[in-house]
Amino acid sequence: VINLDPANDRLPYAPAIDIAELIRLEEVMEKLHLGPNGGLIYCMEFLEANMSWMEKRVEELDSQGYYVLFDCPGQVELYTHHNAVRNIVQGLQKKNHRLVGVHLVDSHYCSDPAKFVAVLLTSLTTMIQLELPH
């Protein structure tokens with residue numbers, strides 16, 4: 001598992017790669033006086049600008065024959081309205097990593113028709129923006 005959520009400081013697993021080694025949301029918010037959403041966007045842009053940091057580690061896992069799960073932040077704006085995550089995905093694909101997206105949603109959103117349609121549209125927008133099979 002690769003943790004790409006810089007806000008997740010209490011992981012229920014030991015990640016093979018942890019973005020917290022590169023950048024932490026709390027530090028970004030404090031240093032740059034950003035809120036949580038702005039801080040997450042900054043962190044993803046920072047990761048995008050430092051892709052070599054992650055590429056080396058992913059290649060090492062890939063050379064050992066592992067399947068890798070990327071645990072990404074839950075802020076939908078990162079996938080629907082911003083390009084940093086898409087650019088990270090495309091960077092990994094250029095290195096011949098085969099990727100697929102799995103968009104998990106709370107079951108709460110499936111119990112009401114209006115919420116269900118909203119979450120379907122969000123998933124579709126994410127799929128189109130990331131250009132990944134879901």
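What follows is a chat about a predicted model, going through its helix packing and a few of its histidines.

Reader: Let's start with H1 and H2. How are the two helices oriented to each other?

Author: The axes of helix H1 (residues 25-32) and helix H2 (residues 36-49) come within 9 Å and cross at roughly 110 degrees. Angles of 65 to 115 degrees fall in one class, so H1 and H2 are roughly perpendicular to each other.

Reader: Which hand does the crossing of H1 and H2 have, and what classes of residue make up the contact?

Author: The crossing of H1 and H2 is right-handed. On the H1 side you have Leu 25, Val 28, Met 29 and Leu 32, and these meet Pro 36, Gly 39, Leu 40, Tyr 42 and Cys 43 of H2. By class, the H1 contact with H2 comes to 8 nonpolar, 1 polar and no charged.

Reader: What about His 33, is it buried or exposed?

Author: His 33 sits in the loop between H1 and H2. Its phi is near 55 degrees, a positive value in a residue other than glycine. Exposed means over 50% relative accessible area, and His 33 has 72%, so it counts as exposed.

Reader: Which elements do the buried residues of H5 pack against?

Author: The buried residues of H5 are Ala 84, Val 85, Arg 86, Ile 88, Val 89, Gly 91 and Leu 92. Their packing partners are H2, H3, strand S3 (70-71), H4 and H6.

Reader: Now His 82. Is this residue buried or exposed?

Author: You'll find His 82 in the loop between helix H4 (77-80) and helix H5 (84-94). Buried means under 20% relative accessible area. The value for His 82 is 18%, so His 82 is buried.

Reader: Which backbone atom does the His 82 side chain reach?

Author: Leaving aside neighbours within four places in sequence, His 82 is in contact with Ile 41, Glu 45, Glu 77 and Gln 129. Its side chain also comes to 3.2 Å from a backbone atom, the nitrogen of Ala 84.

Reader: Gln 129 came up there. Which residues is Gln 129 in contact with, leaving aside its neighbours within four places in sequence?

Author: Gln 129 lies in helix H6. At 14% relative accessibility, Gln 129 counts as buried. With those sequence neighbours set aside, Gln 129 is in contact with Tyr 79, His 82, Asn 83 and Arg 86.

Reader: What is the relative accessible area of His 97?

Author: His 97 is in the loop between H5 and H6. Leaving aside its neighbours within four places in sequence, His 97 is in contact with Val 58, Glu 59, Asp 62 and Leu 92. His 97 is buried, and its relative accessible area is 11%.

Reader: Last one: what is the phi of Glu 131?

Author: Glu 131 is found in the segment after helix H6 (113-130). With a relative accessible area of 49%, Glu 131 is partly exposed. Its phi is positive in a residue other than glycine, near 55 degrees.

Technical notes:
Residues are numbered from 1 along each chain as its sequence is written. This is a predicted model: local features need pLDDT of at least 70, side-chain atom pairs count only at pLDDT 80 or more; totals for chains, interfaces and linings use all residues. Side-chain values use heavy atoms; hydrogens and water are left out. Helices (H or I, at least four residues) and strands (E, at least two) are DSSP runs, numbered from the N terminus. Buried means under 20% relative accessible area, exposed over 50%, partly exposed in between (1.4 Å probe, protein chains only). Contact means heavy atoms within 4.5 Å. A polar contact is a pair of N or O atoms within 3.5 Å; within protein, one must be able to donate a hydrogen and the other to accept it, and residues adjacent in sequence count only if both atoms are side-chain atoms. Axes are lines fitted to C-alpha atoms, for helices over the stretch in contact, and angles run from 0 to 180 degrees between N-to-C directions. Angles under 35 degrees count as roughly parallel, over 145 as roughly antiparallel, 65 to 115 as roughly perpendicular and the rest as oblique. A crossing is left-handed if the near helix is turned anticlockwise from the far one by less than a right angle, and right-handed if clockwise. Ala, Val, Leu, Ile, Met, Phe, Trp, Tyr, Cys and Pro count as nonpolar, Asp, Glu, Lys and Arg as charged, and the others, Gly among them, as polar.
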